[in-house]
Amino acid sequence: LAGIEHSDVGGALARLSPELQAVVQATVLDGLTTKEASVLLGVPQGTVKTRMMRARIEMREALT
């Protein structure tokens, strides 16, 4: 995780909105399921999935 902070991936992650960052943190870095992340973040499970999709798209664009 420490290596990510100063890499291209870390930069792309930092440019995401706080809502998208929270979903990536919960699901990717913390390893929670979408259901667990929805409880943690207080949003519906479908919202977690949609935000994760948006985060992937934005990060892919930032890294290409």
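Helices α4 and α5 pack at an angle of about 105 degrees, with their axes 8 Å apart. Axes here are lines fitted to C-alpha atoms, for helices over the stretch in contact, and angles run from 0 to 180 degrees between N-to-C directions. α4 and α5 are therefore roughly perpendicular to each other (angles of 65 to 115 degrees count as roughly perpendicular, under 35 as roughly parallel, over 145 as roughly antiparallel and the rest as oblique). This is a predicted model, where local features need pLDDT of at least 70, side-chain atom pairs count only at pLDDT 80 or more, and totals for chains, interfaces and linings use all residues. Residues are numbered from 1 along each chain as its sequence is written, and side-chain values use heavy atoms, with hydrogens and water left out.

**Where α4 meets α5**

- T34, K35, A37 and S38 of α4 make the contact with Q45, V48 and K49 of α5 (contact means heavy atoms within 4.5 Å).
- The residues of this contact divide into 2 nonpolar, 3 polar and 2 charged.
- In that count, Ala, Val, Leu, Ile, Met, Phe, Trp, Tyr, Cys and Pro are nonpolar, Asp, Glu, Lys and Arg are charged, and the others, Gly among them, are polar.
- S38 lies in helix α4, and at 10% relative accessibility S38 counts as buried.
- Buried means under 20% relative accessible area, exposed over 50%, and partly exposed in between (1.4 Å probe, protein chains only).
- Leaving out residues up to four places away in sequence, S38 touches V43, P44, Q45 and V48.
- V43 sits in the loop between α4 and α5. At 17% relative accessibility, V43 counts as buried.
- Beyond its neighbours within four places in sequence, V43 is in contact with S38, V48 and R51.

**Helix α3 and its partners**

- α3 covers residues 18-29, and its buried residues are L20, V23, V24, A26 and T27.
- These buried residues pack against α2 (8-14), α4 and α5 (45-63).
- α3 and α5 pack at an angle of about 100 degrees, with their axes 9 Å apart. That makes α3 roughly perpendicular to α5.
- On the α3 side, the contact uses E19, L20, V23, V24, T27 and V28; on the α5 side, V48, R51, M52, R54, A55 and E58.
- The residues of the contact of α3 with α5 divide into 7 nonpolar, 1 polar and 4 charged.
- G31 follows α3, and its phi is positive, near 75 degrees.

**The whole chain**

- The protein chain has 5 helices and 0 strands (helices, H or I with at least four residues, and strands, E with at least two, are DSSP runs numbered from the N terminus).
- The radius of gyration is 11 Å, close to the 11 Å that the globule rule gives for 64 residues, so the chain is as compact as a globular protein of that length.
- That radius is taken over C-alpha atoms, and the globule rule is 2.2 Å times the number of residues to the power 0.38.
- Along its principal axes, the C-alpha trace spans about 30 × 25 × 15 Å.
- Buried residues make up 25% of the 64 residues.
- Among contacts between residues at least 6 apart in sequence, 50% join residues at least 24 apart.

**Confidence**

- The chain averages a pLDDT of 90, and 91% of the residues score at least 70 (pLDDT is the predictor's confidence in each residue, from 0 to 100).
- Confidence is lowest in helix α1 (residues 2-5), at a mean of 57, and highest in helix α4 (residues 34-41), at 97.
- Where pLDDT is low, the predicted coordinates should not be read in detail.
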